[in-house]
Amino acid sequence: MLDFEKVAAYRNTHNRFARKLGIVVEAVTSGGARVVKTIEEDDLNPLGRAHGGVYFTMADSAAGSAMVAKGYGAVTVNASYNFFRSAQVGDVVTAEAVEVKSGRTLCVYDVRVTDQNGTLLGTGTFTFYRLEEKIEL
C-alpha cells in the first residue's frame with residue numbers, strides 16, 4: 001500500500017503545470033483525491049471570470065492524483081466537464097475526485113468542483129489509462 005501523503009507530495013513537486021497555476025494536492029486516499037486553488041487575477045478570462053481551463057485543470061489534477069495513488073503513471077484518455085458557475089478573485093476552489101471504476105488498465109473518476117461555500121461550480125468525468133511505469137516515491 002502506498003503512503004498517500006507521499007503521493008500528494010510527489011504530485012505537488014512533479015506536476016509543473018498544476019504548480020504554475022497554484023493548484024495544490026491537499027489529500028489523496030484510496031480511490032480519491034482533493035486539490036485546492038485560490039482564484040487570482042491571472043486566472044480570469046476576458047469577461048473577468050475565472051477561466052474554464054482552471055476548473056478543467058483542477059478536475060484533471062484531482063482525478064490524476066487519485067489514479068497515481070495506485071502506484072503507476074497514467075494518462076487521461078477521455079474527459080468531460082460541465083461548467084455551472086464562476087468563481088471570483090479570492091475564492092478558494094476545491095476539486096474532489098472519487099473513483100467510479102477501477103480496472104486493470106482503465107479507471108474512471110467523477111469530480112466535483114466547489115467554492116469555499118460549497119457552491120457547485122462544475123462536475124466532470126475523467127478516464128485514465130494506467131501505464132506500466134511504477135511511480136517512484
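The legends below describe close-up views of a predicted model.

In this predicted model, local features need pLDDT of at least 70 and side-chain atom pairs count only at pLDDT 80 or more, while totals for chains, interfaces and linings use all residues. Residues are numbered from 1 along each chain as its sequence is written, and side-chain values use heavy atoms, with hydrogens and water left out.

**View 1**
Helices (H or I, at least four residues) and strands (E, at least two) are DSSP runs, numbered from the N terminus. An α-helix has 3.6 residues a turn, so residues three or four places apart point the same way.

**View 1. The start of H1 and the segment before it.**
A side-chain oxygen of Asp3 reaches to within 3.0 Å of the backbone nitrogen of Glu5 at the start of H1. Leu2 lies in the segment before H1 and counts as partly exposed because its relative accessibility is 27%. Leaving aside its neighbours within four places in sequence, Leu2 is in contact with Val7, Val68, Ala69, Lys70, Gly71 and Leu137. Between Leu2 and Ser30, which are 28 residues apart in sequence, the C-alpha to C-alpha distance is 9.1 Å.

**View 2. The largest pocket and its lining.**
On a 1 Å grid over the protein atoms alone, a pocket is an open set of points with protein on both sides within 12 Å along at least five of seven lines, whereas a cavity is a set of points where a 1.4 Å probe fits but cannot get out; lining residues have an atom within 4 Å of a point. The largest pocket has a volume of about 300 Å³, a volume being the space filled by probe spheres set on the points, with grid points joined across faces, edges and corners. Its lining is made by 19 residues, of which Arg11, Asn15, Asp60, Gly64 and Ala74 lie nearest the centre of the pocket. H1, helix H2 (16–21), H3, strand E3 (72–83) and strand E6 (120–134) each supply at least two residues of this lining, and H3 gives the most, with 5 residues. By class, the lining of the largest pocket has 9 nonpolar, 7 polar and 3 charged residues, where Ala, Val, Leu, Ile, Met, Phe, Trp, Tyr, Cys and Pro count as nonpolar, Asp, Glu, Lys and Arg as charged, and the others, Gly among them, as polar.

**View 3. The largest cavity and its lining.**
The count comes to 1 cavity of 30 Å³ or more, and the largest cavity has a volume of about 50 Å³. Among the residues that line this cavity are Arg11, Asn12, Asn15, Ser61 and Ser65. H1, E1 and H3 each supply at least two residues of the lining of the largest cavity, which by class has 4 nonpolar, 4 polar and 1 charged residues.

**View 4. Thr94 in strand E4 and Thr114 in strand E5.**
Thr94 is found in strand E4, which spans residues 92–102, and Thr114 is placed in strand E5, residues 106–114. Thr94 counts as buried because its relative accessibility is 16%, and Thr114 counts as buried because its relative accessibility is 16%. Not counting residues up to four places away in sequence, Thr94 touches Arg34, Val35, Val36, Met58, Arg112, Val113 and Thr114. With neighbours within four places in sequence left aside, the contacts of Thr114 are Val92, Val93, Thr94, Thr119, Leu120 and Leu121.

**View 5. Ala87 in the loop between E3 and E4.**
Ala87 is buried, with a relative accessible area of 1%. Not counting residues up to four places away in sequence, Ala87 touches Ile39, Ala50, Tyr55, Val93 and Leu121.

How values were computed. Polar contact = N/O pair within 3.5 Å; in protein donor to acceptor, adjacent residues only side chain to side chain. Buried < 20%, exposed > 50% of the residue type's maximum accessible area, 1.4 Å probe, protein only. Contact = heavy atoms within 4.5 Å.
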